[in-house]
Amino acid sequence: MSNISITVGEKIRELRQQRGFSQEKLAFKAGITPSYMGQIERGEKSPTIDTLDKVTRALNIELSDLFVFTSNETSDLETTHIDKITYQLLGRTPYEQEEIFNFIKRLLKFRDNKN
């Protein structure tokens, strides 16, 4: 396959992993088969724009996000957990978000006082 297929497949894998999704879960959310999802991530298949749209909707990102590539891997690693937390907060009410934020603050305060 082409380099762009491989690069986009790697980007999908990276975004999927940041969100804590298995290939099966992402495939289900996107309405495609898990084997096809694996082929896309490995760059073995070039998905249609419609399929990429389904995948990006399942990842809750814009289609253009698949084509934003960074060379700074350290930065990506540092934001992985923050991205996961942010993703989990999507769709929550403002009240739920505030409660989760307060819980995290209390947890960190407890941890800091323990050391």
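Is Glu-41 buried or exposed, and what is its relative accessible area? Glu-41 is buried, with a relative accessible area of 1%; here buried means under 20% relative accessible area, exposed over 50%, and partly exposed in between, using a 1.4 Å probe and protein chains only.

A word on the model before the views. This is a predicted model, in which local features need pLDDT of at least 70 and side-chain atom pairs count only at pLDDT 80 or more, while totals for chains, interfaces and linings use all residues. Residues are numbered from 1 along each chain as its sequence is written, and side-chain values use heavy atoms, with hydrogens and water left out.

**View 1. Glu-41 and its arginine partners.** Salt bridges that share partners join Arg-13, Arg-16 and Glu-41 into one network; a salt bridge is a side-chain nitrogen of Lys or Arg within 4 Å of a carboxyl oxygen of Asp or Glu. Glu-41 pairs with Arg-16, with 2.6 Å between the closest N and O atoms. That pair links distant parts of the chain, Glu-41 being in helix 3 and Arg-16 in helix 1, 25 residues apart. Both Glu-41 and Arg-16 are buried. Arg-13 meets Glu-41 as well, at 3.4 Å from N to O. This second pair also joins helix 1 to helix 3, across 28 residues. Arg-13 is partly exposed, because its relative accessible area is 25%.

**View 2. The Arg-42 and Glu-44 pair.** Here the closest N and O atoms of the salt bridge are 2.9 Å apart. Arg-42 counts as partly exposed at 43% relative accessibility, and Glu-44 does too, at 42%. By the same rule, the count for the model comes to four salt bridges.

**View 3. Helix 1 from end to end.** Helices are DSSP runs of H or I with at least four residues, numbered from the N terminus. Buried residues of helix 1 include Val-8, Ile-12, Leu-15 and Arg-16. After helix 1 comes Gly-20, which has a positive phi near 75°.

**View 4. The largest nonpolar core.** A nonpolar core is a set of buried Ala, Val, Leu, Ile, Met, Phe, Trp, Tyr and Cys residues joined through side-chain atoms within 4.5 Å. The largest one has 17 residues, and among those with the most contacts inside it are Ile-12, Leu-26, Val-55 and Leu-59. Helix 1 (3-18), helix 2 (23-30), helix 3 (34-41) and helix 4 each supply at least two of its residues. Helix 4 gives the most, with four residues. Leaving aside neighbours within four places in sequence, Leu-59 is in contact (heavy atoms within 4.5 Å) with Leu-15, Arg-16, Arg-19, Phe-21, Leu-26 and Tyr-87.

**View 5. Thr-56 and the end of helix 4.** Thr-56 is found in helix 4 and counts as buried, at 1% relative accessibility. Its side chain reaches the backbone oxygen of Asp-53 at 3.0 Å. Beyond neighbours within four places in sequence, Thr-56 is in contact with Ile-61, Glu-62, Leu-63 and Leu-66. Asn-60 lies in the loop between helix 4 (49-59) and helix 5 (73-89). Although Asn-60 is not a glycine, its phi is positive, about 60°. Asn-60 counts as partly exposed, at 45% relative accessibility.

Conventions: Polar contact = N/O pair within 3.5 Å; in protein donor to acceptor, adjacent residues only side chain to side chain.
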